[in-house]
Amino acid sequence: MVAAAALLFSGCSSKKYFEPEQTYSAGSAVTAYGSKIVDLSRDGATLENGQYIGKRGVGKLNLGTGYRFLSESSAYVLASNPEGKLKIINKRSAKVLRTVDLEVPIVSAALHNGTVAYILNNNAFGLYRINDNKKVMENRSEVTYAIDTRAASPMFIDSLVVMPMLDGKLVILDSSNPADAKIIYLSSDQVFNNVIYLSRFGDTLVAATPKKLITVGVDGEMEYRANISDVAIAGGSIYLFTKEGEIIKLNRALEEKARKKFKYAHFAASTVVEGRVYALDQQGSLIVLSSDLKKYRIYELGEVESPVFVSGTKLYKDGKIIDLSKLKY
């Protein structure tokens with residue numbers, strides 16, 4: 001019995017953590033912003049005090065009790081609650097312009113030229129026009145049973161809308177004629193197969209599920225398989241951050257140009273900006289690398305206690321802002 005208990009204890013305590021030999025202080029790059037992140041979307045974060053962080057930094061308006069930040073445009077903020085209510089807030093007046101009852105919790109949404117594109121957690125997708133105060137369309141894809149929390153947001157390309165679905169496919173439709181849609185399949189896995197990343201690379205579409213990255217452009221469709229934690233595009237290259245602690249640099253043809261592994265690292269946040277690559281481990285080690293992944297330096301930020309969001313050169317972690325531009329490799 002004692003031997004069995006010892007074996008059980010040994011098994012439970014055998015989890016490995018990233019332990020760098022040398023770290024540096026990031027104190028000169030750290031300031032505080034007075035709250036903590038309680039919820040993440042692909043385009044921002046909801047704060048404990050009801051405010052939000054968007055791509056432009058900490059927003060001043062309050063989302064309201066029970067609402068989470070989805071995304072924003074120059075004029076509006078989109079927020080939702082667990083009952084499926086979509087709140088459209090005027091940024092200038094801080095007043096609610098519309099509250100739309102979509103009846104099902106909203107996973108992600110985006111806004112362009114007065115049209116909201118949204119995806120619900122039953123894998124339905126739709127378009128809502130603000131000026132007309134009505135749904136333009138709503139349709140539903142296949143049922144999903146478990147999704148990765150890093151769900152990508154819909155993307156507008158002129159009149160086209162790209163919907164990153166929860167069942168591993170992209171639905172591309174024209175907002176002026178949404179009945180005629182094109183479907184691109186990324187993966188057919190039954191669980192944790194939603195699109196977690198969606199962006200443009202010039203005239204090429206880049207998308208990823210937790211298991212596969214694809215590009216769709218004039219040269220056709222290409223794919224690269226990995227256990228993907230996150231994706232970033234910069235300087236004509238695609239960077240993959242994997243669940244094994246690897247950072248992989250790919251070119252447009254998805255050919256591997258560089259690779260660096262940090263044993264046992266589990267990335268909580270990552271980005272590539274101003275010619276440097278950044279990856280934050282769950283235990284608080286911030287890795288700063290050169291764009292060719294050959295040089296790096298590791299800074300100690302303290303264990304990650306709440307969700308982390310990064311936008312531009314700002315990393316928002318546990319009530320603090322880390323100015324990444326002040327950290328060198």
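## Ring and charge contacts

The charged end of K87 sits over the ring of Y67, at 3.9 Å from the ring centre. This is a predicted model. R252 and F201 form a contact of this kind, with the charged end of R252 over the ring of F201, 4.1 Å from its centre.

**Aromatic pairs**

A pair of aromatic rings is described by the distance of the centres and the angle of the planes. The structure has 7 aromatic pairs. In one of them, the rings of Y24 and Y299 have centres 6.2 Å apart. Their planes stand at 50 degrees, so the pair is tilted. Y24 belongs to strand β1, residues 24-25. Y299 belongs to strand β30, residues 296-300. The pair thus links distant parts of the chain, 275 residues apart. Y24 is partly exposed, at 31% relative accessibility. Y299 is buried, at 5%.

F262 and Y296 make another pair, with ring centres 5.2 Å apart. Here the planes meet at 90 degrees, so the pair is edge-to-face. F262 lies in the loop between β26 (256-261) and β27 (267-273), and Y296 in strand β30. The two residues are 34 apart in sequence, so their pair ties those parts together. F262 is buried at 4% relative accessibility, whereas Y296 is partly exposed at 39%. Ring pairs also bring in F18, which forms a cluster with F262 and Y296.

**Salt bridges**

How many salt bridges does the structure hold? There are 13.

| Residues | Closest N and O atoms |
|---|---|
| D230 and R42 | 3.0 Å |
| D167 and K169 | 2.7 Å |
| R259 and E256 | 2.7 Å |

What does the bridge between D230 and R42 tie together? D230 is in strand β23 (residues 228-234), and R42 is in the loop between β3 (37-41) and β4 (44-47). The bridge therefore joins parts that are 188 residues apart in sequence. D230 is buried, with 12% relative accessibility. R42 is partly exposed, with 25%.

Are D167 and K169 buried or exposed? Both D167 and K169 are buried.

Some bridges share partners. Through such bridges, R56, E72 and K91 are joined into one network.

Conventions:
Residues numbered from 1 in each chain as written. Predicted model: local features only at pLDDT ≥ 70, side-chain atom pairs only at ≥ 80, totals over all residues. Heavy atoms only, no water. Phe/Tyr/Trp six-rings, centres within 6.5 Å; stacked < 30°, edge-to-face > 60°. Helix = DSSP H or I, 4+ residues; strand = E, 2+ residues; numbered from the N terminus. Buried < 20%, exposed > 50% of the residue type's maximum accessible area, 1.4 Å probe, protein only. Lys NZ or Arg CZ within 6 Å of the ring centre and 35° of its normal. Salt bridge = Lys/Arg side-chain N within 4 Å of Asp/Glu carboxyl O.
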